[in-house]
Amino acid sequence: MAGQAFKVDLDKPLVFQVGHLGEAYQEWVHQPIVSKETPRFFENDVLEFFTRTAWWVIPLVWLPVVCYFISLSVNIGLANNEVATAIVCGIIIWTLLEYNLHRFLFHMNTTSYWANTLHYLVHGCHHKHPMDGLRLVFPPAAAAILAVPLWGMIKLFASASYAPAVFGGGLLGYVFYDCTHYYLHYGKPLKGVSHQLKRNHMEHHFRIQDKGFGITSNFWDRVFGTLPPKKSAKKNS
């Protein structure tokens, strides 16, 4: 109805427009505009500034935090092998969290004004403008919001000596995730694991959006049966 009739003006700030699409939002947001332009989100310059993040900001901000949390476990007296085990556990936890966030939160179907608006800010903008180089990684403030409940969850299940190193490993996994995500869009791997990851991610963007949720690994896609099918397999099915 009214939502279907609404047209987004791409020359104006987008965030407070997209909610008006209503039920038409999901179709609109999955019709990508393949250009390197960085569209304006907000009229307010301060808000606009915080929506744009260069990829190198992620390791610059978060690697010192990773080192700090790991050092807490080291200073408590955890042995080197125990610290390494905790870090690996944290990375594994992150890969599962990455998969579930992408599959169930970032790809939630929305129709109401504020749900569409929030979805666009969190992930929809990336599907609409997949080559926007300044919005391929999470702004540090947004990542910090996600990190707080992750830290709380880890403290519930890990001992006081292990928890900081596990959390540091989780943050390290996140850094790998965001940097890998940027590379999958702008890098040109010709073979190997990185080529396969890029192929699956491009399939997710441009062919089959309900498959291929892993970024740093295809492991959980294989476990849960969400690996993008090969084109040949699709044609023969």
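In which loop is Leu-14 found?

Modeller: The model is a predicted one, and Leu-14 is found in the loop between helix H1, residues 2-5, and helix H2, residues 15-18. Leu-14 counts as buried because its relative accessibility is 0%, and buried means under 20%. Leaving out residues up to four places away in sequence, Leu-14 touches Val-8, Asp-9, Pro-39, Arg-40, Phe-41, Tyr-120 and His-129.

His-107 has its place in the loop between H6 and H7. With a relative accessibility of 16%, His-107 also falls under the 20% limit and therefore counts as buried. The side chain of His-107 is joined to that of His-127 by a polar contact of 3.3 Å. Not counting residues up to four places away in sequence, the residues that His-107 touches are His-30, His-102, His-119, His-123, His-127, His-204, Gln-209 and Phe-213. Asn-200, by contrast, has its place in a helix, namely H10, which spans residues 192-206. Asn-200 counts as buried because its relative accessibility is 2%. With neighbours within four places in sequence set aside, Asn-200 is in contact with Asn-218, Leu-227 and Pro-228.

The wider context includes the empty space in the model. Rolling a probe the size of a water molecule over the atoms shows where such space is left. The largest pocket holds about 910 Å³ of space. It is lined by 34 residues, and the closest to its centre are Leu-121, Val-122, Phe-138, Pro-139 and Ala-142. Two or more residues of this lining come from each of helix H4 (45-49), helix H7 (113-128), helix H8 (140-157) and helix H9 (163-186). H7 gives the most, with 8 residues. By kind, the lining of the largest pocket divides into 24 nonpolar, 7 polar and 3 charged residues.

A search of the whole structure finds 1 cavity of 30 Å³ or more. The largest cavity contains about 160 Å³ of space. Among the 16 residues that line the largest cavity, those closest to its centre are Trp-94, Leu-101, Ala-143, Leu-146 and Tyr-174. Helix H6 (80-105), H8 and H9 are the elements that give two or more residues to this lining, and the largest share, 5 residues, comes from H6. The lining of the largest cavity divides into 13 nonpolar residues, 2 polar and 1 charged.

The mean pLDDT of the protein is 93, and 95% of its residues reach 70 or more. Over residues 233-237, however, the pLDDT is below 50. Beyond near neighbours in sequence, that stretch has 1 contact in the model.

To return to the part requested, Leu-14 lies in the loop between H1 and H2 and counts as buried at 0% relative accessibility. Its contacts beyond four places in sequence include Val-8 and Asp-9, as well as Tyr-120 and His-129.

Key. Residues numbered from 1 in each chain as written. Predicted model: local features only at pLDDT ≥ 70, side-chain atom pairs only at ≥ 80, totals over all residues. Heavy atoms only, no water. 1 Å grid on protein atoms, 1.4 Å probe; cavity = no way out; pocket = protein on both sides within 12 Å on 5 of 7 lines; lining within 4 Å. Points joined across faces, edges and corners; volume = space filled by probe spheres on them. Helix = DSSP H or I, 4+ residues; strand = E, 2+ residues; numbered from the N terminus. Nonpolar A, V, L, I, M, F, W, Y, C, P; charged D, E, K, R; others polar. pLDDT = per-residue confidence, 0-100. Contact = heavy atoms within 4.5 Å. Buried < 20%, exposed > 50% of the residue type's maximum accessible area, 1.4 Å probe, protein only. Polar contact = N/O pair within 3.5 Å; in protein donor to acceptor, adjacent residues only side chain to side chain.
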